[in-house]
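Biologist: Hi! Could you walk me through this one?
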Amino acid sequence: MEPLTAAEARRFLAATSRPRIQALFELALRTGLRKGELLGLRWEDLDLDAGTASIRRTLQRTRTGGLTALPAKTVSVRTPHHPPHRMHPLAQGAP
């Protein structure tokens, strides 16, 4: 598997039309978070002002086809490589 080039990543993000989904994809591209880590995020894990995401759990599929949140093997804080204001599209849907 080869990572996207910068140009490919820009085209991918440009093809997403919903700001919240685009912000999630951008977070994935800029931090390298795994799918389960991204889907395990909750609003309280995000510090939109500081631009950080605390990885506390992962979302995984169960044997019966359901989903379960499991504690992360290692709790970590990720800081995307961009200004904090870039995470603010997520805030539009924050509770």
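This is a predicted model: local features need pLDDT of at least 70, side-chain atom pairs count only at pLDDT 80 or more; totals for chains, interfaces and linings use all residues.

Biologist: Great. How many aromatic pairs does a search of the whole structure find?

Modeller: The search turns up one aromatic pair. It is formed by Phe12 and Phe25, whose ring centres are 5.0 Å apart with the planes at 55 degrees, so the pair is tilted.

Biologist: And which helices do those two lie in?

Modeller: Phe12 lies in helix H1 (residues 6–15) and Phe25 in helix H2, so the pair ties together parts that are 13 residues apart in sequence.

Biologist: What is the relative accessibility of Phe12?

Modeller: Phe12 is at 34%, so it counts as partly exposed. Phe25 is partly exposed too, with a relative accessible area of 31%.

Biologist: Which residues make the nonpolar surface patch?

Modeller: Leu4, Phe12, Phe25 and Leu29 make that patch, which covers about 330 Å². Leu29 lies in helix H2, residues 19–31, and is partly exposed at 38% relative accessible area.

Biologist: Switching to strands: in what sense do E1 and E2 pair?

Modeller: Antiparallel, over two bridges, with E1 at residues 46–47 and E2 at residues 52–61. Asp47 stands opposite Thr52 in E2. Four residues sit between the strands of this hairpin, where Gly51 takes a positive phi near 75 degrees.

Biologist: Nice. Over how many bridges do E2 and E3 pair?

Modeller: Eight, again in the antiparallel sense, with E3 spanning residues 67–78. Arg57 is opposite Pro71 in E3. The hairpin of E2 and E3 has five residues between the strands, and Gly65 there has a positive phi near 95 degrees.

Note on methods:
Residues are numbered from 1 along each chain as its sequence is written. Side-chain values use heavy atoms; hydrogens and water are left out. Patches are made of residues with over 30% relative accessible area and no salt bridge: like charges are joined within 9 Å, nonpolar side chains (Val, Leu, Ile, Met, Phe, Trp, Tyr) within 5 Å. Accessible areas come from the Shrake-Rupley method with a 1.4 Å probe; for residues, only the protein chains shown count as cover. A salt bridge is a side-chain nitrogen of Lys or Arg within 4 Å of a carboxyl oxygen of Asp or Glu. Buried means under 20% relative accessible area, exposed over 50%, partly exposed in between (1.4 Å probe, protein chains only). Two strands pair if DSSP finds at least two bridges between them. Rings of Phe, Tyr and Trp (its six-membered ring) pair if their centres lie within 6.5 Å; planes under 30 degrees apart count as stacked, over 60 as edge-to-face and the rest as tilted.
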